[in-house]
Amino acid sequence: MKKLIAILFTLLWIAAPGWTGADAAAAERPYRGIALIGDPHLPGRNLPAKEELIRTIGGWNDIERVVVLGDICRETGTTAEYAFAKKFFGRLGKPVRLVAGNHDYIYEDETDKEGRKVQASPAVRRKKLARFAETFGMKRVYGEERLGGYLLVYLSPDDLETDHLTQLSAGQLAWLKALLGRHRDLPTIAFYHAPLAGTLRAYNKRIDSPGFVAQPADRLHDLIRANPQLFLWVAGHLHVPATNESYSAPVNLYEGRVTVIQNSDLERKRPWTNVLYLYPERVLVRTYDHRQRSWRPDLERTIRPPALARLPDRTPVR
């Protein structure tokens with residue numbers, strides 16, 4: 001029997017170079033796993049805890065994607081910060097998808113006289129977005145792919161002139177509208193730095209302020225209303241810990257149909273990781289407590305997609 005299995009592996013390798021036993025295990029699982037990392041702010045504070053988190057996620061064999069939800073850089077998106085981030089995520093040994101956050105592109109490197117960050121000129125923003133894409137081998141700072149019968153959409157704030165911290169450019173909005181229009185029958189999950197408006201309780205003054213929700217809020221509202229296949233929105237930016245009542249709550253539901261998955265940051269001694277398990281008929285959301293080294297059953301959620309589609313499992317990203 002062992003000899004027969006070895007022969008089959010050899011034939012599969014010849015027929016499909018690059019195929020591995022890990023691919024076979026993924027094909028046999030009833031779900032596809034996506035681990036979420038919110039606001040790493042690299043190098044930043046509590047670096048040993050961040051490195052331990054990476055080692056932990058890297059050891060989860062059922063994770064096929066790791067999505068990083070913006071604010072990759074601690075301060076302003078310098079060359080040194082990006083170099084550190086590239087090396088840091090290179091340790092994962094898993095496919096990584098990254099979206100940009102405000103700290104990755106929107107600020108000048110120099111602060112004002114009071115030591116506060118200053119919003120950058122359009123030229124500087126363009127340069128830093130190009131640095132982001134080049135660092136992580138991306139053609140552009142947004143894109144899409146299919147996984148497990150779902151459309152995954154990766155969005156990055158990229159407006160060059162806005163005063164808001166997380167605003168999509170007109171060009172990216174047009175791309176998103178066209179993409180959703182082509183895939184109305186495909187359950188869709190969007191990953192973005194900021195949450196949708198009205199999906200957190202007002203536990204501090206930043207909640208639902210213009211700089212701390214996805215912008216342009218009105219156009220995104222209309223786009224979501226026109227595309228009911230978009231049923232999950234995954235966000236960081238507000239650094240919502242698992243101990244917060246808004247982390248997993250009815251308020252997370254936008255317009256009665258889009259669930260916003262809030263994520264914590266890594267600038268704390270007790271980090272949490274949300275994981276999406278994509279089943280054909282549902283998405284299971286689980287939360288891992290890295291300090292306790294255990295899952296949180298009380299935070300587990302099941303979210304049903306609005307429609308199912310039997311489409312090719314994967315397409316190239318970006």
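Me: Among contacts in the protein between residues at least 6 apart in sequence, what share joins residues at least 24 apart?
Reply: It's 73%. A contact here means heavy atoms within 4.5 Å. This is a predicted model, where local features need pLDDT of at least 70 and side-chain atom pairs count only at pLDDT 80 or more, while totals for chains, interfaces and linings use all residues. Numbering runs from 1 along each chain as its sequence is written, and side-chain values use heavy atoms, with hydrogens and water left out.

Me: How many helices and strands are there, and what makes a stretch count as one?
Reply: There are 7 helices and 13 strands.

Me: Which residues of α3 are buried, and what puts them on the same side?
Reply: Lys 50, Leu 53, Ile 54, Thr 56 and Ile 57 are the buried ones. They cover an arc of only 160° around the axis, so they sit on the same side of α3; the arc is taken from the directions from the helix axis to the C-beta atoms. Pro 48 and Arg 55, on the other side, are exposed. The cut-offs are under 20% relative accessible area for buried and over 50% for exposed, with partly exposed in between (1.4 Å probe, protein chains only).

Me: Why is α3 called oblique to α4?
Reply: The two helices pack at about 40°, with axes 10 Å apart. That angle makes α3 oblique to α4, because under 35 degrees counts as roughly parallel, over 145 as roughly antiparallel, 65 to 115 as roughly perpendicular, and the rest as oblique. The axes are lines fitted to C-alpha atoms, for helices over the stretch in contact, and angles run from 0 to 180 degrees between N-to-C directions.

Me: Which residues of α3 and α4 meet there?
Reply: Leu 47, Lys 50, Glu 51 and Ile 54 of α3 meet Phe 84, Phe 88 and Phe 89 of α4.

Me: Is Arg 29 buried or exposed, and how do you know?
Reply: At 18% relative accessibility, Arg 29 counts as buried. It's in the loop between α2 (21–28) and β1. Leaving aside neighbours within four places in sequence, Arg 29 is in contact with Asn 61, Asp 62 and Glu 64.

Me: And why is Leu 179 called buried?
Reply: Its relative accessible area is 0%, so Leu 179 is buried. It lies in α6 (170–182), and with neighbours within four places set aside, Leu 179 is in contact with Glu 144, Leu 151 and Val 153.

Me: What makes the backbone of His 239 worth a look?
Reply: His 239 has a positive phi of about 55° although it is not a glycine. Most residues other than glycine have a negative phi, and most peptide bonds are trans. With a relative accessible area of 24%, His 239 is partly exposed.

Me: Where are cis peptide bonds found?
Reply: One runs from Leu 42 to Pro 43, with omega near -10°. Another joins Gln 215 and Pro 216, with omega about 0°.

Key
Helix = DSSP H or I, 4+ residues; strand = E, 2+ residues; numbered from the N terminus.
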